[in-house]
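These are my notes from looking through one model, entry by entry. I began with where the chains touch and then went on to the chains themselves.

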Amino acid sequence: MKRLRIRAEKFSGTMLSVKVLSWLAALIVIVLLPGILLAVSGFEPFAVIYNIVSNALGSASAIASSLRKSAPIVIAAVGATVAFRCGVWNIGIQGQIIMGALGASIAGLYLDGLPRILLLPAIFVMAALFGGFWGVIGGYLRQKLHVSELICTLLLNYIAEYIVYYLVRYPLRGANAFGPTTDTLSAAARLPSLASGGIWSIVRVDIILAFVLAALIWYLIEATVLGYQVRAVGVNPPAAQLGGVRINRAVILVMFIGGAIAGLGGMSEVAGAQGYLSESVADNYGFYAIAAALIARNKPIPTSVLALIVGCFLTGAMGIQATMGVPSVLVMVILATFLLGILVQPAIEKAMRKAFIRQAAGQKHPAEEKGEAA
Amino acid sequence: MLWIIPAVLNSTVGLCFTLLAASLGEAISEKSGVYNLGLEGYMLFGAFFGYYGSLISGNVWVGVLFAMMAGLLLSLIHAFISITLNMNQIISGLALWFLGMGVTSYLSRIVGTASVDSFAKLDLGPLSDIPLFGEMLFHHNIMVYIGFALVAVFSLLDRKTPYGLINRATGDNPLAVNMVGIGVKRIRYISVLICGVMSGLAGSYLSLGILGSFSENMTAGKGFIALCVVILGKWDPKKVMLGALLFTMCDAAQMRIQATGAASLYPFLIMSPYVITLLVMLIPTRKNAPPLTLGLSYREDED
Amino acid sequence: MEISMRGIVKNFGKIVANNHIDLDLYPGEIHCLLGENGAGKSTLMHVLYGLYRADQGDIFINSERVRFRSPQDAIHLGIGMIAQHFNLIPRMTVKENITLGKMPRQERLGFLWDGKRAAEIVRELGETTGMVVDPDATVSELSVGVQQRVEVLKAIYLGAKVLILDEPTAVLAPQEVAELFAFMRRMAAQGDSLIIITHRLEEAMMCDRVTVLSAGGVVFRSMVADLTKEQLNRKMFEVCIREDGRECQAEAMTLPPVEAAKDSDCGEGNVLFQVSDLCVQGPTRASTLKDVSLEVNRGEIVGIAGVAGNGQAVFFNALTGLIPLQTGKIRLKGADRSGDTPKQRREAGISFISEDRKYLGLLLDMSLADNIILGYEDKPPFAKGKRLNYKRIKQFARGQIANFEIKAPTEEMRVGQLSGGNQQKVILARELSQGPDLIIVSQPTRGLDVRTTQFVRELLRENRDKGRGVLLISYDLEEILQTADRIAVFFEGRLWFVPRDASVEEIGRYMATGGKAGEAVAN
């Protein structure tokens, strides 16, 4: 808050309008490409957007659908922020989600005899451990073998995908399954719903978990010693190291925590919305999560809100895919351009400010020249 | 199993163009200091627009042209953000990767999957009848040969031309280059755009080269494997070629084994190139190899 | 070629680096741009070389107004510049570096580079200027003095008739300085002109004319022949006195005689810190430490002098625990600390202030409060168990802002926005407020203004008087002479202690050639 106050004191009227203008410019950049894409494929952009929104939020059952779909994305996005905050490029969120989903399914299918009060925590723990493990691999390789975590986690995404591909076709294939999936988890293994019947019964506690996790991560990063060390490493690793922070520990921990949370996102799919594990579990959710985290500058609370919005958009888009024929992948295009827009906005602002200053200086100059020539 | 080796080698040569072209382009770009995480996106653009160009014109070469321009376009955006605006290269790369994925998936659902002609194989007459090597070396489409020619071109470019030397200098010490009056931004733009064109070309080979159609995310991570190939090849075009051949061989081998083996092995076979890439990345390399300012932005007129 | 700069104004945000500066340069003269760190000399020359664009003002060459959009324009007109930190490509050869700006092309295949011609060019230049370098040597293997020759040849190759040298002697031994000035005289005799930026008086006295800058403005111009050193010295501080009302510390920049050692007990019980037979691998042969030993007693400042690149940075990193020792031991208060991590050494009572203030010392994007607890964040009072105690942290930060006179509006201010001097104060506050026994500090006043420089040196003396030990590493010989009780010199990875009554010339000899083998290593 204090930081805002300092900045506000520096603002004059012109500076404020520069900021607003630059955001407008960024906004234009953002909507341009999706707009062109839609127009080129014969759709009317405003109608499409309107339909997406009404599909997502237009009725109580729509909202329920959106919340249900958003939960894994919000959870995964929160997980993504952790490593990013530390300056570690954990692009393996998708793989960690998938492994978490795997862990949850294994627990859900094979520990089925347990009473629910033990079963659910078991699922939770397994999902977190599987996802955390998948994340730690990347962290370990980065610190001990100096391999780029960018590339490692990315490759691990593909590897996770194919591991599950194999497992759902052979060892884990459900006896009653229609395609390459596991059996549907029993009712005891599913996450509890928010309401026992009616529209809201499709919404489960994972959406609440998502925001609880966001708050927990916020606390971890801002208020604990570990969070301070994570932030320090994220800002300047050599200085942090000289200051005594153990970088290995910080990196491996954030990869574990981030991966574990992403794994919980996988649990949210398997024990929540979907009910079973398939090869296309959490389809592209990892990328939506990463995009949301980057756009919200890795702050957990804004990220969770943005991820929620993304989830709603995705729900709406899938709806209109059936009705209007607009491919739902449009959401990824919008997110990508959003990320680009966020990236260029500071530069636009800086350029506009320079132009303003030069203009103001230019007005003084002729007067000064007269004085000097004398 | 040994009898599949000739077939594997044959396929390796036939398929390596994609990885080769993309890696050569990326190596040049990284040498100037710019990292293209969006390579996967450039290749997808190349693959789709190459297919599309061929579809609407009926001519494969029009498709190739479209592909090169598509890759160029995406890399131009990255160049603008990373070089002119000096913003974070990794985030820009990620955004362009998502963009590439999203736009090509979107458009491919709209455009459909009618198939087009792929590159014809060259008929070099009696040369291809030489036992053992004939098939492997002399019976491929023209792009394969262009690919190997490009290795020589890039090698020459890198080591023996002023552009190549300045390019390498820019990656190590852009201020030094600026101080002798050479525009750092200009050199980096050139290198990144070359990478874009090459990646577009690489992508087009996927859709036009063998299959004759486009499918979503058909690059399947090859852009990232190309990044690994560049590191393994220590940014040297000749070594990059060896790296590209190695990884393509894994891919070719797994495809052949698939054709003969049990279906249940399929996921492991498909997985193997990624696993092998990961393992190869773990081999410690000399620290002296990378360009010193890779990924870092260069600001003029700022303290 | 005659150059005139008129009314040059250059701002960086709020900071006015050049405040309506006028400068004239005549052909055949060696012109000194004098001023302490931060006066605006480098900025002005960056403007002249086309690296920066002035916000106001003009440049005239031979009475014609010129506009530089980039160094290319300046080079085209015959201006060359050798920056303070060399702009060479370490893994390329000398001939590649020198001809980078205008690469010779092969006759028949014009798009190819002609390496043989490049080597010839280097040899030809060596003959005409007297600066001989091996064209095929890799730059990273060369010593600093030879690298500077490469820089000079580079500028000459591009046709420089005016050569700007930014603090060229900072990294040279006294003998190499003499060689450089000899070269400069030869160039001036040909009708070319040179501008040398320096903050050292004795070098200014070797030039033809001097312009003194202070706090962004010109305070004085004169022919050197018309001045004495003391007069010039005073002129450098004029603005300082006027601005404040109170008098600036008139600490002369001239070299004081080496003081007699303080009467510190050198008995066994007073040894605070011992380094024995340290061998550490460095990036080059010259910087690899070989059998380095020293002792620091309580209540003394040990100064380590030497030309940069002779092992000082490696030594610092080894002492802090950032790089491991190959052989040798480090002992504090009798206890072996050789295997300790930086954190453990900190806890044992050692503080480190590294030379790279911005990139190793601070977390620029975090607040002052966050920076001031770095290294101590997991202990009370800053932490309660695993939780940070923000109330105490802010209290502490505010206290240090007052103690160290740090100019920052609040403790929430981003450290990156503070001036260099205040940033250094934050680091000092952080390191010194925890009551260390030994303070290891490297280049503490580099790039700082006069007032902060005095502040820092005074602070080190205060800590020494409190009975702590200080190990001061500096490339600035004056700083060592002014502050240290005992002096040691690094040369090619070996450390020699200088006898207590050594003259500056003798110290210079140690810096340029090292001591004799087997000479007393510690006293």
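This is a predicted model: local features need pLDDT of at least 70, side-chain atom pairs count only at pLDDT 80 or more; totals for chains, interfaces and linings use all residues.

**Entry 1: chain B against chain C.** I looked up this contact and found 19 residues from chain B and 25 residues from chain C.

**Entry 2: chain B against chain A.** I turned to the other contact of chain B that I had on my list. Here 32 residues of chain B are in contact with 33 residues of chain A. Which elements of chain B give two or more residues to the side that touches chain A? I wrote down α5 (89–111), α11 (222–232) and α13 (266–281). The largest share of this side comes from α5(B), with 14 residues. By class, I found 25 nonpolar residues, 6 polar ones and 1 charged one on the side of chain B that touches chain A.

**Entry 3: chain B by itself.** I went through the secondary structure of chain B and found 13 helices and 0 strands. Chain B has 303 residues, and 55% of them are buried. I also checked the contacts in chain B with a separation of 6 or more, and 78% of these are between residues 24 or more positions apart.

**Entry 4: chain C by itself.** In chain C I found both kinds of element, with 18 helices and 22 strands. Buried residues make up 47% of the 523 residues of chain C. For contacts in chain C between residues at least 6 apart in sequence, I noted that 68% join residues at least 24 apart.

**Entry 5: the domains of chain C.** How is chain C divided into domains? I listed domain 1 (3–244), domain 2 (255–349 + 435–523) and domain 3 (358–434). Domain 2 is written as two stretches, 255–349 and 435–523. I then looked up the contact between domain 2 and domain 3 of chain C, where 11 residues of domain 2 are in contact with 8 residues of domain 3. On the domain 2 side, helix α16 (residues 450–465) of chain C gives the most, with 4 residues. The classes on that side of domain 2 are 5 nonpolar, 4 polar and 2 charged residues.

Notes
Residues are numbered from 1 along each chain as its sequence is written. Chains are lettered from A and ligands numbered from 1 in the order in which they are written. Two residues are in contact if their C-beta atoms, placed from the backbone, lie within 7 Å. Ala, Val, Leu, Ile, Met, Phe, Trp, Tyr, Cys and Pro count as nonpolar, Asp, Glu, Lys and Arg as charged, and the others, Gly among them, as polar. A residue is buried if 20 or more other C-beta atoms lie within 10 Å of its own, exposed if 12 or fewer, and partly exposed in between; C-beta atoms are placed from the backbone. Domain bounds come from an automatic or database domain assignment.
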